[in-house]
Each structure stands twice: as C-alpha cells, then as structure tokens.
Amino acid sequence: MTTTSAGLEVPTPTNDVSQGLEDLARFGFAIHRGLVSPEEAARLRDRVLEQGALERERDLVRQSYNTMQTVTFLPNKGRCFIDLIMNPTVRAYAKGVLGHNLYKVFAQDAVILEPGKEGVSMMHIDQSLLGFPTPRPLIMNMMLALENFDRETGSTRLVPASHLGPVPDMDPASPDQTREAVSFDLEPGTALIWERRTWHRTGENVSDRTRCSIATLFCDPVINQKTVLIAGLHDRVFETLNDEEKAVLGFRDVYGTNMICPRNPEDTRQHVNRTEPYVPELHR
C-alpha cells in the first residue's frame, strides 16, 4: 500500500495474485505488473491497431460516447485475444473476484483513444445496469495496458474503497462527480483490475499520443453477456475452440440456464455440458 499526495491510500503494483485479490477486496482495484510479456503486449497492440485502422477505413467503426474507438467482439478478431482470456493469471483473478469457476466472458473490447479525445468522463459504476446494489461483485474488468496508458492520455481514474459504499449520484452537479480519484502510469503488459462496483471514469487525452488497451470482462453466470458470444461468435472461430475455451466464452449450461438449441439440422454449436436436438415446428 502507498499513500498519494492527496492522502489517499492506494494499492502498490504487484505480480502476486493473492496480494492483488487482497487489494481488490480492500480498495476495489489492483494493479498486476507483467500480466503478459512486453513482446506479447506488442503483438496484441499491433493486432488491435491494425484491426482498428481497417475498421475505420471500411466505415465499420464503433464509437463509444462519440469519442473513443472501440474494437468489439475481439474473440472473432484474432486467436491472441482468446489466449489472453485463457491466461491462467487472468482466470485466477476472475475466480477470486467472482468467487467460483462458473464465470464467463462478459465482453472483450479494445479501446483506442486518440489525442484530444475523451472517454467516459462521468463518475459511474458498471453494475448500475442492475438497478440495485449487490453484496458482492458480479462483474470484473481487467484493463491491459498496451501503449501509452498514463495520466496524460486519460488513463482510468478510480475512487479507492468506493465499492464498499453507495453508488455515485449521476447528476453532473453532484459532489460525487468531483470525488477525489487516482490514476496510474502503466507499462505495456501491466493490468489494472477492478470490480464493477468501484467508482471510476476516464480522462481526456491531452497528449500527442494514442492510448491503446484491452478490456477483458468476466461476469457471474446469472448476468447476460454484454457482447453475446453464444450468438455472435463466428462459426469458424467456434470450430477451433476446445471445451474449456467454449465454457469460458459462455457455451455452458449453468443450473439449467443459458440454454441454446441448434439453429438448423447441421448446426454444431452446442454447450459443452448439454446438447439439445434440433426440433423444428412439427405438425401431423
């Protein structure tokens, strides 16, 4: 633990998962150094920037809040992104934060924030979509820094220990919106992890550099995916997956929920632990 100049206690970066989970429980976030090697971070960055550039060229860009480019459904856009999901350290955090092995991917998107652009500047939590507070986190975010993830480029700002209190008032005039928050300068390959009850926002990129990162989110099985991979994962990608990868991406029956059925007689898209026959509308 360290103390900022403003007197806020914040976690010290670590490469130990146990310490990271303790930090998440206490502060609502943790910093894990060297989640992937610099070489792997560079490969991921190059794949994200190439994909992002081609989506811009072909008018396929998805803008978040009309400011930052979001490259969505990353499992469809390179094996390297599935490998990141299956990284043992990433999965250890998902299990530790969510409390069990039945978690699934909520979404995996890349964020490209160009100079002069701003991300989500409103102080918020991401579990507000539920409409009620929860006694434990149901969603976890792991933001992997790929390039220029620092204070000047508007890196994520978080309020320490805010996950233990009420949700922020979203009125722009509310004092909650000016609550003291902390941000960090992260090297490529380092991850900022937070549970989604933690108050946070992003800042403006006031530098001349482009910020690039990947957000890999996991959720409790009772939560619907943000990017519904059981419907949106490309068939050619699904056919390359092993059962463990399919389960983490959501192709798993959990206590009789999340069920799917074949879309046609030749459909091979099934859950790893439950198969359903193709049953069309039947008449005598």
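1. On a 1 Å grid over the protein atoms alone, a pocket is an open set of points with protein on both sides within 12 Å along at least five of seven lines, a cavity is a set of points where a 1.4 Å probe fits but cannot get out, and lining residues have an atom within 4 Å of a point. Grid points are joined across faces, edges and corners, and a volume is the space filled by probe spheres set on the points. The structure is a predicted model, in which local features need pLDDT of at least 70 and side-chain atom pairs count only at pLDDT 80 or more, while totals for chains, interfaces and linings use all residues. Residues are numbered from 1 along each chain as its sequence is written, and side-chain values use heavy atoms, with hydrogens and water left out.

2. The largest pocket holds about 580 Å³ of space, and among its 27 lining residues Met68, Val120, Asp126, Arg196 and Lys226 lie nearest its centre. Strands here are DSSP runs of E of at least two residues and helices are runs of H or I of at least four, numbered from the N terminus. At least two lining residues come from each of strand 4 (62-64), strand 5, strand 6, strand 7, strand 10 (200-201) and strand 11, and strand 11 gives the most, with four residues. By class the lining divides into 11 nonpolar, nine polar and seven charged residues, where Ala, Val, Leu, Ile, Met, Phe, Trp, Tyr, Cys and Pro count as nonpolar, Asp, Glu, Lys and Arg as charged, and the others, Gly among them, as polar.

3. The second largest pocket has about 210 Å³ of space and is lined by 14 residues, of which Ile125, Phe132, Pro133, Thr134 and Val167 lie nearest its centre. Its lining is made up of six nonpolar residues, seven polar residues and one charged residue.

4. A nonpolar core is a set of buried Ala, Val, Leu, Ile, Met, Phe, Trp, Tyr and Cys residues joined through side-chain atoms within 4.5 Å, with buried meaning under 20% relative accessible area, exposed over 50% and partly exposed in between (1.4 Å probe, protein chains only). The largest such core has 44 residues, and within it Ile214 and Phe218 touch the most other members. Leaving aside residues up to four places away in sequence, the contacts of Phe218 (heavy atoms within 4.5 Å) include Ile85, Val90, Leu98, Tyr103, Phe106, Leu138, Met140 and Val248. A second, separate core of 21 residues includes Val10, Met143, Ala145 and Val182.

5. Strand 7 (residues 139-147) has eight of its nine residues buried, so it is largely enclosed by the rest of the structure. Two strands are taken to pair if DSSP finds at least two bridges between them. Strand 7 pairs in the antiparallel sense with strand 11 (residues 211-219) over eight bridges, Glu147 having Cys212 as its bridge partner there. Strand 7 also pairs in the antiparallel sense with strand 9 (residues 191-195), over five bridges, and in strand 9 the partner of Met142 is Ile193.

6. In strand 5 (residues 68-71), Met68 and Thr70 point one way and Gln69 and Val71 the other, and all are buried. Strand 5 pairs with strand 6 (residues 104-113) in the antiparallel sense over three bridges, and Thr70 stands opposite Val111 in strand 6.

7. Two backbone angles deserve a look. Ala161, in the loop between strand 8 (157-158) and strand 9, has a positive phi of about 65° although it is not a glycine, and its 32% relative accessibility makes it partly exposed. Tyr255, in the segment after helix 7 (243-248), likewise has a positive phi, near 55°, in a residue other than glycine, and it counts as exposed at 76% relative accessibility.

8. Finally, Pro88 lies in helix 4 (residues 88-98) and is exposed, with a relative accessible area of 66%. Pro88 and Phe218 are 130 residues apart in sequence, and their C-alpha atoms are 14 Å apart in space.
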